[in-house]
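Visitor: Could you take me through this model slowly, and tell me each time what a term rests on?

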Amino acid sequence: MQRRAFLKSAGAGLGLAAASLPPRAFADGPVVKWRLASSYPKSLDVIYGAAELLAQRLHRISGGKFQIRVFAGGDLVPGMQVMDAVQNGTVECGHTASYYYVGKNMAFAFDCAVPFGLTARQQNAWMYFGGGIAAMRELFRQYNIIQFPGGNTGAQMGGWFRKEIRSLADLKGLKFRIPGIGGQILAMLGAVPQTLVGTDIYPSLERGALDAAEWVGPYDDEKLGFHKIAKNYYYPGWWEGGPQLSFYVNLAKWNQLPDPYKAAFEAACAEANVIMTAEYDFKNPQALMRLVRQGVKLRAFPRDVMDAGRKAAFAMYDEEARRNPFFARIYGDWKKFREVELQWFKIAEASYANYLHYAK
């Protein structure tokens, strides 16, 4: 089923029960018109589509009283400046990944993903029940923003490599397109991280300016054609085990909303959060099979790469906690939560998944 057909269908989606009711709560309310700046191009249809879903649900639930117009990355503001635009009131809301803004405070990464962090399900558990939303909103309040979970890609792939990585030593001098904290950790392991926008990755791989590049996962990677140049497709993307996207709302604009509008916005965000992961879980396996049929070689990162990455990651977190009180406050509780979650998933989810994988 195509995305637009799905969004219009009357029998699916978490928000449709509310959407099918007469909008009495909005009958006497104001017409609210907001602009939403996305960090993403329309070509990333699953991620960009979460903002479209939000807008469509709100329009339907409110009987047209709550209108949001979605703008792709670069149409109103550059994709990496969505946070500033929402903070300053240039737009009322945005859709982005909070780890883009670790330059302001590394603690923002917890709202999205940190290397060797939480899976998508664990991230939701932390956000909704483990104190994550409250902890992050304390930080976002300093930037005049209130944030809501707004999607998750699930565990991403480790990227496309021109040559095979047989051991940690093969990372030395490797020119690797990988931004953010993951890039910092790869630099600690000897790689040379590069930050490039999506449109620049393919030509850089083609002319040899890059040795490797990571993007998202099979469905999105296939569109950019990396498999035509780099045939080694590595997994897992340990720097993004469950990266959450978020909806940002200017705090002053949020406080002006009537309560029914706030409730509708929160419900639509929750639906978008669930739908994104489900859609990727549907589309990624099909894309991966197509890639393998075209000669792509699936390879797991060597154990010494994984172990060295994990050690470097937590050394970085410990160091950041010593100099960043806000990071330390979130990190301490997050780390305890993570340890408990890992034990539970080891007992139930991992053992069940491993059995299914190897069962004949």
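**Around one phenylalanine**

Visitor: Which residues is Phe66 in contact with, leaving aside its neighbours within four places in sequence?

Guide: Phe66 is in contact (heavy atoms within 4.5 Å) with Val32, Trp34, Leu58, His59, Leu257, Tyr261 and Phe265, once those neighbours are set aside. This is a predicted model, in which local features need pLDDT of at least 70 and side-chain atom pairs count only at pLDDT 80 or more, while totals for chains, interfaces and linings use all residues. Residues are numbered from 1 along each chain as its sequence is written, and side-chain values use heavy atoms, leaving out hydrogens and water.

Visitor: What makes the pair of Trp254 and Phe265 edge-to-face?

Guide: A search of the whole structure finds 32 aromatic pairs. In this one the ring centres of Trp254 and Phe265 are 5.8 Å apart and the planes stand at 70 degrees; rings of Phe, Tyr and Trp (its six-membered ring) pair with centres within 6.5 Å, and planes under 30 degrees apart are stacked, over 60 edge-to-face and the rest tilted, so the pair of Trp254 and Phe265 is edge-to-face. Trp254 belongs to helix α10 (residues 251-256) and Phe265 to helix α11 (residues 259-293), so the pair ties together parts that are 11 residues apart in sequence.

Visitor: How do you know whether Trp254 is buried or exposed?

Guide: Trp254 has a relative accessible area of 7%, so it is buried, and Phe265, with 0%, is buried as well. Elsewhere, ring pairs link Tyr40, Tyr99, Tyr100, Tyr101, Phe108, Phe140, Tyr143 and Tyr248 into a cluster.

Visitor: Why is α5 called roughly perpendicular to α6?

Guide: The axes of helix α5 (residues 120-128) and helix α6 (residues 132-140) come within 5 Å and cross at roughly 70 degrees. That angle makes α5 roughly perpendicular to α6, given that 65 to 115 degrees counts as roughly perpendicular, under 35 as roughly parallel, over 145 as roughly antiparallel and the rest as oblique. Trp126, Met127 and Tyr128 of α5 make the contact with Gly132, Ile133 and Met136 of α6.

Visitor: What makes β7 and β11 stand at the edges?

Guide: The order of the 6 strands in this open, mixed sheet is β7-β6-β8-β5-β9-β11. β7 (192-194) and β11 (297-300) each have a single partner strand, so one side of each is left without a neighbour in the sheet.

Visitor: How do you know that β9 pairs with β11?

Guide: Two strands pair if DSSP finds at least two bridges between them, and 4 bridges join β9 (residues 232-235) to β11, the two running parallel. Tyr233 stands opposite Leu298 in β11, and Tyr235 stands opposite Ala300. Strand β5 (residues 159-161) also pairs with β9, in the antiparallel sense over 3 bridges, and there Phe161 has Asn232 of β9 as its bridge partner.

Note on methods. Axes are lines fitted to C-alpha atoms, for helices over the stretch in contact, and angles run from 0 to 180 degrees between N-to-C directions. Buried means under 20% relative accessible area, exposed over 50%, partly exposed in between (1.4 Å probe, protein chains only).
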